[in-house]
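Subject: Structure for your review

Dear colleague,

Please find below the structure that I am handing over to you. My notes on it follow directly after.

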Amino acid sequence: MSSDNSKIQNIINDCPTIDKVGAEERVARFQTRSIKGESKLMGLKMTLNMIDLTTLEGKDTQGKVKQMCYKAEHLHDAIPGLPTVAAVCVYPSMVKVAKNALKHTDIKVASVATAFPGGQSPLAVKIADTKFAVDQGADEVDMVISRGKFMEGSYAYVFDEIAAIKDACGNARLKVILETGELATLDDVRLASDLAIHAGADFIKTSTGKIQPAATMPVTLTMLMAIKDHYDKTGIMIGMKPAGGISTSKLALHYLVMVNEVLGEKWLSNEWFRFGASSLANDVLMQIAKAVNGPYQSADYFSID
Amino acid sequence: MAKKNKETTGLKWSYDPALEGVDHIKLREKYDLFINGKWVKPSSGKYFKTFNPADESFLAEVANADAKDVDKAVKAAREAYDNVWSKTSPSERAKYIYRIARLMQERAREFAVIETLDAGKTIRESRDVDVPLACNHFFYYAGWADKLDYAFPNRKVSPLGVAGQIIPWNFPLLMAAWKIAPALATGNTVVLKPAETTPLTALKLAEIIEESGLPAGVVNIVTGYGDTGAAIVNHTDVNKVAFTGSTGVGKMIQKSLAGTNKKLTLELGGKSANIIFEDAPIDQAIEGIINGIFFNQGHVCCAGSRLFVQESVADLVVRKLKDRMGSLIVGNPLDKNTDIGAINSKEQLATILKYINIGKEEGAEMFQLACDLPDKGYYCPPTLFTNVAQSSIIAQEEIFGPVLTIQTFRTVDEVIQKANNSPFGLAAGVWTDKGSRIFNLTTKLKAGVVWANTYNKFDPSSPFGGYKESGFGREGGLHGLSAYVKLS
Amino acid sequence: MSRLEILKTYKIYIGGLFPRTESGRYYVPKNGKNEPLGNLCLCSRKDVRNAVSAARKATGWAERTAFNRGQILYRIAEMLEGRKAQFVEELKMQGTNQKAAEAEVNLAVDRIVYYAGWCDKYQQILGSVNPVASSHFNFSVPEAMGVVGVVCPEEYSLIGLVSLVLPVICGGNTCVVLASESQPLCAVTFAEVLHASDLPGGVINILTGSKKEMVAPIASHMDVNAIIYGDDDEVQFKALSIAAADNVKRVSRLSKDWTKPENQDLYQIAETLEIKTTWHPIENIGGASSGY
């Protein structure tokens, strides 16, 4: 699928303006929701099951990835009945390792691609990167958009690139990272979301985790609204993945409240909502242990992988 | 083009009750009148009961002041004015008011819970809006006490004397703060009457005033019904009357003060327009509509109760609005997750239901949130009416409940004309991305407060008050001082 | 051979025109020496109605630039200055001595100049930017109330009228003026001054006749926003105030010695101003972001 000018123009025209202060006020209301008792426990377990357990470091090794994969499956065996995470997220070179480690599970393997995290490579390289990851067995591809092109106003380029990567993905689901920390305004976040959705994204994702700020609630709200508007118009569901900066249970629950109240329960599964996080799982586990056992917990009792 | 994908069902996730604790709340069985720094029994010996509108449970008995009690309170205020307060230096006055602000902050949660119990408003609002704003109002005006000469250039500023103040039930503590803080800062003494359905936080405030060491008689709180208020208004030794409430009662007060030298300020009803243009930040506008009409169950004089939507986006806005209403939680106001609490009283619920029936009879199309309401208590689901005309009664009269009327418009001039086409003029909302249009509208709308790309915001430093039949005088900010001073 | 003098016909001033009263009635006020001052229109409630509707039509006055309003007010002063002699004569006819009459006219000119100067300044003194504790820009500006009824004092028929009316129009209001009943000459001649200046028709409308008859319809008129009462009839003022409550009119009573130069000020302009407060969000104000 490739763009023509009128198509891009329609996307721009349909893209609503966003008042940042108003968006922040709505977020503040989600944050006043008080999640207690059973609803808290359920929320925490949902959170675990929505995590894309991530390692994206230059120093990643097979050993590191294998250990993380074990953790993905065995979050905290001391408490029975815990779910696994949704997926692990690694560089393309580690996809095969992860895939092997997880082949007996339902846990998906996601791979970043397209010259992650900067995205400053020619399209051919990005397509090759994507195809490599898919060939290695990636179930999901997390691509980055060309923010420079976006800033230049070359929206058609951004659109076409996403569409090309979507083609290269084959059956793998495509998550499109907007790198919202580099987009200056919520208006830009919204436009980038709409471009990504129209170009074929299965998921839209806030951040690479390499840029600050990473995911924030107002940014995520803006993206959720784009998903909602698209769904209301077409009936097509798009997934959402905030990534980076979500490291506490309380914050994760607030994100879930936001998803629940903006998109509704349809999105409350890891098919449509993910957290990109590395340290969130243990905080959630500690909260679950507190809820199950009573006492407040120590990090020493929860494995770091 | 992507095909419609397979929908899966996620998890149904509803929130467990998250009740604010009430164990730490101390209410007396019986409240007397706070006159001259003491708790005194009403001369008639009569008390009335105040109930929790959320479950109709009994909260406390409260003294019913008659004219004799009011006279006692006015005398105490007069003596305190003559002998103490007018001789207290402005900077000392300031310190008393600061102290009250701090004591209120320390007991903020207690105030919030009592406000929720007595008024039916959600704990989220009393905790996050009413109580902090009330504290901040005292804090703001405290600082004015010794700076009044800067507020009125070229004039000597003096207090009026005894201020009689009558407040409504929709923001009981906040309205008490709006009345008392500027009166004290400008050097007046006060006789205040809270509304009969919501007297408790004003009486709690009296406890704090007692604790603060404010000289006896500077603030007197008398509880009762309309006749108690009338006794304050008509008392010959009152120099100033400040009233917040219905336009009907406001007019009566204005008439009864005709020809006297009593200074009067009135903060009355409204039927404020909330105007959505096609280029507005629609999702934030939806929040503004929700906040405009459902904040405090719609018991807000400046509620954005008349929604005007540009025709090109009318369907979209109505759909999104209905959708958003679906995530509102109606129920026990003490639950921290409740968005819409109880209607303040049985009488008010009857009034609201009367208007809803009128709306239906007028042929307007009604949409109500389908929700389970508690068995006991007074509740009304959030309601909106489409297919409403300017001439519909529900689009003209103040309903003071969670009921929104929706009209469409085509042009800027048309909507200005329709928005101003009302005897009221309290507030208005304007939603558009175009700056020059905002200023065009804010200039032409006949309303004392205009919220552009926001709604229902309040601040101690921001003057509040209406045009036309919404009353006169301002509360808040520098302009709020005028109501309590004479200039020479 | 002596020449037959042309006598002036005193008419009323509504919407920039000089009609006679709709009632067709007249009255003949007399001065202290029992000399008739002229045949004056004895206006009725219908004239009040016409004047109010003319004033309402002219509320575009408030939308003119403040600078322009100032220029027009100054122009009124210029016109009055040029016709001083006529006003002095009329004041004398009404019983004022030469010196006092001259002083009154001079002060009237000066007072108009004074308020002309305020037209584009009161906003800066009476308005404010309010430092709200949220991410919003918040400001308050004074605005005209709308249509104002002005009841003039009986004495000092020129300076009384000027002192009450000029602050009202300075603030962008339009008005219906009930002139001094017993000394109405200057009011009508002042209307001619207004007519010759650039003041748009309807901004000031001047009626003569019985206050007893006209105060009630103006006090109860639902399209009048405020009343400035400058007379000293307690009973009339009370009745006016009661009727005014039917649409919550703002009623101010102003009685001062208007012949004193110091009895003019900003706060008198404020009597017929509303304060409007506007809020708008500000992106990225320090500390107000929700960043978690």
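How many residues does the contact take from chain B, and how many from chain C? The contact takes 35 residues from chain B and 29 residues from chain C, two residues being in contact if their C-beta atoms, placed from the backbone, lie within 7 Å. On the side of chain B that touches chain C, at least two residues each come from α9 (247-256), β18 (449-452) and β19 (471-472) of chain B. Helices (H or I, at least four residues) and strands (E, at least two) are DSSP runs, numbered from the N terminus. By class, the residues of this side of chain B are 15 nonpolar, 12 polar and 8 charged; Ala, Val, Leu, Ile, Met, Phe, Trp, Tyr, Cys and Pro count as nonpolar, Asp, Glu, Lys and Arg as charged, and the others, Gly among them, as polar.

Please note that this is a predicted model, in which local features need pLDDT of at least 70 and side-chain atom pairs count only at pLDDT 80 or more, while totals for chains, interfaces and linings use all residues. Residues are numbered from 1 along each chain as its sequence is written, and chains are lettered from A and ligands numbered from 1 in the order in which they are written.

An open sheet of 10 strands has the order β14(B)-β15(B)-β16(B)-β13(B)-β12(B)-β17(B)-β18(B)-β10(C)-β4(C)-β3(C), with mixed pairing; two strands pair if DSSP finds at least two bridges between them. At its edges are β14 (365-368) of chain B and β3 (128-129) of chain C, each of which pairs on one side only. Strand β18(B) runs parallel to strand β10 (residues 273-281) of chain C, and 3 bridges join them. Opposite Val449(B) stands Thr277(C) in β10(C).

Within chain B, β14(B) and β15(B) run antiparallel and are joined by 4 bridges, with Phe385(B) in β15(B) as the bridge partner of Met366(B). Strand β15(B) pairs with β16(B) in the parallel sense over 3 bridges, and Leu384(B) has Leu404(B) of β16(B) as its bridge partner. A parallel pairing over 4 bridges links strand β12 (residues 273-276) of chain B with strand β13 (residues 306-310) of chain B; there, Ile275(B) has Phe308(B) in β13(B) as its bridge partner.

Helix α12 (residues 346-361) of chain B lies across β14, β15 (383-386) and β16 (403-409) of chain B and runs at about 35° to β16(B). Axes are lines fitted to C-alpha atoms, for helices over the stretch in contact, and angles run from 0 to 180 degrees between N-to-C directions.

Helix α6 (residues 172-185) of chain B packs against helix α7 (residues 200-212) of chain B at an angle of about 50°, their axes being 8 Å apart. The two helices α6(B) and α7(B) are therefore oblique to each other, since angles under 35 degrees count as roughly parallel, over 145 as roughly antiparallel, 65 to 115 as roughly perpendicular and the rest as oblique. Pro172(B), Leu173(B) and Ala176(B) of α6(B) make the contact with Thr201(B), Ala202(B) and Leu205(B) of α7(B). In the contact of α6(B) with α7(B), 5 residues are nonpolar, 1 is polar and none is charged.

Chain A

Chain A has 12 helices and 8 strands. Its radius of gyration is 19 Å, which agrees with the value near 19 Å for a compact globule of 305 residues; the radius is taken over C-alpha atoms, and the globule rule is 2.2 Å times the number of residues to the power 0.38.

In chain A, 8 strands form an open sheet with parallel pairing, in the order β7-β6-β5-β4-β3-β2-β1-β8. Its edge strands are β7 (239-241) and β8 (275-277) of chain A, each pairing on one side only. From one strand to the next, the twist averages 25°. Strands β1 (residues 51-54) and β2 (residues 87-90) of chain A pair in the parallel sense over 3 bridges, and Asp52(A) stands opposite Ala87(A) in β2(A).

Chain C

Chain C contains 10 helices and 10 strands. The radius of gyration of chain C is 21 Å, close to the 19 Å that the globule rule gives for 292 residues, so chain C is as compact as a globular protein of that length.

Yours sincerely
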